[in-house]
Amino acid sequence: MKLPSNRVLTLIAVAAVASLFIFGGKSPSTNTSPEYSRPQQYDTAGAQIDLAGTACREAVKRQANDPSRVEWIGQEVTPGADGTYQVRGEFRAPNKLGAMVRASVTCEVRKTSSGDWQITRLTEKH
């Protein structure tokens, strides 16, 4: 049996390394997860939830003593049957003396016919 030449071995090695860069170390035929088998769909409901949460966070920042120092800890957004969104979240923000204090907020948010987001109710609890 004749062994392959150094040139053939070099080409095989280069092809193997190139396939790692191209396929990320995985063969495309073995990856059967759904995100590879069909294009992603745009999640309109998820986008609306994200925008409602953003509207609430921006309203909280506008009311803060130092908006640049507001730290959002987390939030939960629940769509209502009447087209409103209930946003409950927690954040840290500086008080009048500059000390960071933790607070919670509840916002009711509605998308207007012009496409803007309106805060219909905002309640903060320190």
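This is a predicted model: local features need pLDDT of at least 70, side-chain atom pairs count only at pLDDT 80 or more; totals for chains, interfaces and linings use all residues.
Residues are numbered from 1 along each chain as its sequence is written, and side-chain values use heavy atoms, with hydrogens and water left out.

**Strand β2 and its partners**

Helices (H or I, at least four residues) and strands (E, at least two) are DSSP runs, numbered from the N terminus. Strand β2 covers residues 84-94. Because eight of its eleven residues are buried, β2 is largely enclosed by the rest of the structure. Here, buried means under 20% relative accessible area, exposed means over 50%, and partly exposed lies in between, with a 1.4 Å probe and protein chains only.

Two strands pair if DSSP finds at least two bridges between them. Strand β1 (residues 71-79) runs antiparallel to β2, and eight bridges join them. Among these pairings, E71 has R92 in β2 as its bridge partner. The hairpin of β1 and β2 has four residues between the strands, and G83 there takes a positive phi near 90 degrees.

On the pairing with β3, eleven bridges join β2 to that strand, and the two run antiparallel. G89 has V105 in β3 as its bridge partner. Five residues lie between β2 and β3 in their hairpin, where G98 in the turn has a positive phi of about 95 degrees.

| Residue | Relative accessibility | State |
|---|---|---|
| T84 | 3% | buried |
| Q86 | 18% | buried |
| G89 | 7% | buried |

Contact means heavy atoms within 4.5 Å. A polar contact is a pair of N or O atoms within 3.5 Å; within protein, one must be able to donate a hydrogen and the other to accept it, and residues adjacent in sequence count only if both atoms are side-chain atoms.

The side chain of T84 makes a polar contact with the side chain of D82, at 2.7 Å. Not counting residues up to four places away in sequence, T84 touches T78, P79, E108, V109 and R110.

For Q86, the side chain makes a polar contact with that of R121, at 3.1 Å.

G89 and V105 are 16 residues apart along the chain, and their C-alpha atoms are separated by 5.4 Å. With residues up to four places away set aside, G89 touches W72, G74, Q75, A103, S104 and V105.

**The largest pocket**

Rolling a probe the size of a water molecule over the atoms shows where empty space is left. On a 1 Å grid over the protein atoms alone, a pocket is an open set of points where a 1.4 Å probe fits, with protein on both sides within 12 Å along at least five of seven lines; lining residues have an atom within 4 Å of a point.

The largest pocket has a volume of about 150 Å³. Its lining comprises 13 residues, of which A64, A93, P94, E124 and H126 lie nearest the centre. The elements giving two or more residues to this lining are α3 (44-63), β2 (84-94) and β3 (100-111). Strand β2 supplies the largest share, three residues.

Terms used: Grid points are joined across faces, edges and corners, and a volume is the space filled by probe spheres set on the points.
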